[in-house]
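Here are my notes on this one, point by point. Have the model open while you read.

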Amino acid sequence: MESNVCHFAVHADDLARAREFYGSVFGWKFDGFGGADMTNFCKIKNGAGEEPGLIGVMQHRRFNVLPQPVLAYECSIAVDDVEATATAVKAAGGKILMPKAAIPGVGWLIKFSDTEGNLVCAVRFDENAK
């Protein structure tokens, strides 16, 4: 795996308001993710109703492991092994904020801060989950 950015999350206080904004500005469309309603979490599609090259989601700002609000896009990087990535993060001076967690129907995820305090995610997709 080439460790490319594979996912982004738009954090919002009011998802309905944020969906309206991004729908108006970029023509994005939204679906519930994993059968869930769109109150706290939804999947972003492009104006044609297709998934963009990156998997984008909009999520309520309270789904945040940092003590302060995330006021930016949160990116995820595809990796072969989240545990090895966590070890590398710590060795390079980063801090694990959320240890390895299963995301049903998706794979495994860790969240960490880099040496500059940026929130980053690493995800190992489960090919059988599609």
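1. A word on burial before anything else: buried means under 20% relative accessible area, exposed means over 50%, and partly exposed is in between (1.4 Å probe, protein chains only). On that scale Cys-121 is buried, at 1%, whereas Cys-75 is partly exposed, at 31%.

2. Housekeeping: this is a predicted model, where local features need pLDDT of at least 70, side-chain atom pairs count only at pLDDT 80 or more, and totals for chains, interfaces and linings use all residues. Residues are numbered from 1 along each chain as its sequence is written, and side-chain values use heavy atoms, with hydrogens and water left out.

3. On to the cores (a nonpolar core being a set of buried Ala, Val, Leu, Ile, Met, Phe, Trp, Tyr and Cys residues joined through side-chain atoms within 4.5 Å). The largest has eleven residues, including Phe-8, Trp-28, Cys-42 and Met-58. Strand E1 (5-12), helix H1 (15-26) and strand E3 (41-45) each supply at least two of its residues; helices (H or I, at least four residues) and strands (E, at least two) are DSSP runs, numbered from the N terminus. Another core, of eight residues, lies apart from it and has Val-82 and Ile-110 among its members.

4. Take a look at Met-58. Leaving aside neighbours within four places in sequence, its contacts (heavy atoms within 4.5 Å) include Val-10, Leu-15, Tyr-22, Phe-30 and Ile-44.

5. His-60 sits in strand E4 (residues 55-60) and counts as buried at 16%. A polar atom of the His-60 side chain lies 3.1 Å from the backbone oxygen of Asp-13.

6. Asp-13 also forms a salt bridge with Arg-61, with the closest N and O atoms 3.1 Å apart; the rule is a side-chain nitrogen of Lys or Arg within 4 Å of a carboxyl oxygen of Asp or Glu. The two partners are 48 residues apart, Asp-13 in the loop between E1 and H1 and Arg-61 in the loop between E4 and strand E5 (73-78). Arg-61 is buried, at 16%, while Asp-13 is partly exposed, at 47%.

7. The salt bridge count comes to five. One of them pairs Asp-31 with Lys-45 at 2.8 Å, N to O. Asp-31 is in strand E2 (residues 29-32) and Lys-45 in strand E3, so this pair ties together parts 14 residues apart in sequence.

Notes: A polar contact is a pair of N or O atoms within 3.5 Å; within protein, one must be able to donate a hydrogen and the other to accept it, and residues adjacent in sequence count only if both atoms are side-chain atoms.
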